[in-house]
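Subject: Structure handover

Hello,

Here is the structure you asked about, with its sequence.

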Amino acid sequence: MVAKDLRSVLSSIKLSDRGVFYSGIRIGPVVKKDVMKASIMLEHDSQYATILAFDVKVERDAQDLADHLGVKIFQADIIYHLFDKFTAYREELKQRKKNEFKSIAVFPCKLKILPQFIFNSRDPIVMGVIVEAGIVREGTPICVPSKDFVDIGVVTSIECNHKQIESARKGQEVCIKIESTGDAPKMYGRHFDETDMLVSKISRQSIDACKDYFRDELLKSDWALMVELKKTFEIL
């Protein structure tokens with residue numbers, strides 16, 4: 001198979017639709033030169049520091065160099081299997097990043113307090129809320145902009161119909177537990193009340209983490225709320 005024919009094969013299976021992009025192709029076994037070329041991507045985006053070897057052998061010294069540098073080599077005799085392996089690898093990397101940045105990425109939310117459902121007014125605060133906008137999840141830091149941005153604590157649990165859930169979206173009525181992270185725990189009725197809107201405390205770092213690793217979990221309306229909160233917190 002000549003290079004022109006190989007390009008036709010790659011074009012016919014619509015690589016871009018699969019999220020696979022390539023910088024070059026070559027006929028023959030994988031050699032050290034191929035590994036060195038692929039290693040350039042380690043400085044930019046490591047998921048693309050890969051070699052897809054379709055029905056060819058990988059020279060031993062090339063594999064050793066790849067292992068040393070951190071270049072991933074995938075082999076398969078069926079081209080679709082090759083891209084399935086690469087796609088699975090990218091998903092694995094994506095999940096690793098999500099796990100790594102989960103505590104940094106703060107999803108945007110606005111919560112309205114349901115005063116008839118205040119189960120504990122002091123640390124840990126346990127209360128019913130309705131999600132006015134966005135998405136609240138476990139680990140979300142909560143503050144009150146109308147009370148000089150006082151920090152209340154972090155959401156450590158969410159319940160809906162007596163069942164534990166990881167997150168809640170706009171329109172849902174849930175019971176949340178907020179635990180203090182500071183030396184001076186805040187109290188419902190003293191530091192804030194039902195007239196105040198609770199919001200997630202976002203930052204430049206948390207916004208970047210959401211953009212880089214959690215974009216697929218946020219709706220267009222969530223990003224609109226992110227922009228609104230960004231202005232509220234005067235984040236550049």
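M127 stands opposite I176 of strand β9. Strand β4, residues 125–137, is joined to β9, residues 173–179, by 6 bridges. The two strands run antiparallel. β9 also pairs with strand β6, residues 150–160. Here there are 5 bridges, again in the antiparallel sense. Look for V154 there: its bridge partner in β9 is E179.

Keep in mind that this is a predicted model. Mean pLDDT over the chain is 89. Of the residues, 91% score at least 70. Helix α1, residues 3–12, has the lowest mean pLDDT, at 53. Strand β10, residues 197–200, has the highest, at 98.

Next, helix α3, which covers residues 60–69. Which of its residues are buried? They are A62, Q63, L65 and A66. These residues cover an arc of only 160° around the axis, so they lie on the same side of α3. What do they pack against? Their partners are α2 (32–39) and β2 (72–76). The face turned away from the buried side carries exposed residues: R60, D67 and H68. After α3 comes G70. The phi of G70 is positive, near 100°.

Helix α4 runs from residue 79 to 101. Its length checks out. At 1.5 Å a residue, its 23 residues should span 33 Å. The C-alpha atoms at its ends are 33 Å apart, which agrees.

Last, M226, which is found in helix α6, residues 220–232. Is M226 buried or exposed? Its relative accessibility is 3%, and the cut-off for buried is under 20%. M226 therefore counts as buried. Which residues does M226 touch, leaving aside neighbours within four places in sequence? The contacts are V106, P108, I202, I207, C210 and L218. L65, one of the buried residues of α3, is elsewhere: its C-alpha atom is 44 Å from that of M226. Along the chain, L65 and M226 are 161 residues apart.

Best wishes

Definitions and conventions:
Residues numbered from 1 in each chain as written. Predicted model: local features only at pLDDT ≥ 70, side-chain atom pairs only at ≥ 80, totals over all residues. Heavy atoms only, no water. Buried < 20%, exposed > 50% of the residue type's maximum accessible area, 1.4 Å probe, protein only. Helix = DSSP H or I, 4+ residues; strand = E, 2+ residues; numbered from the N terminus. Arc of directions from axis to C-beta. Contact = heavy atoms within 4.5 Å. pLDDT = per-residue confidence, 0-100. Pairing = 2+ DSSP bridges. Expected span 1.5 Å × (residues − 1).
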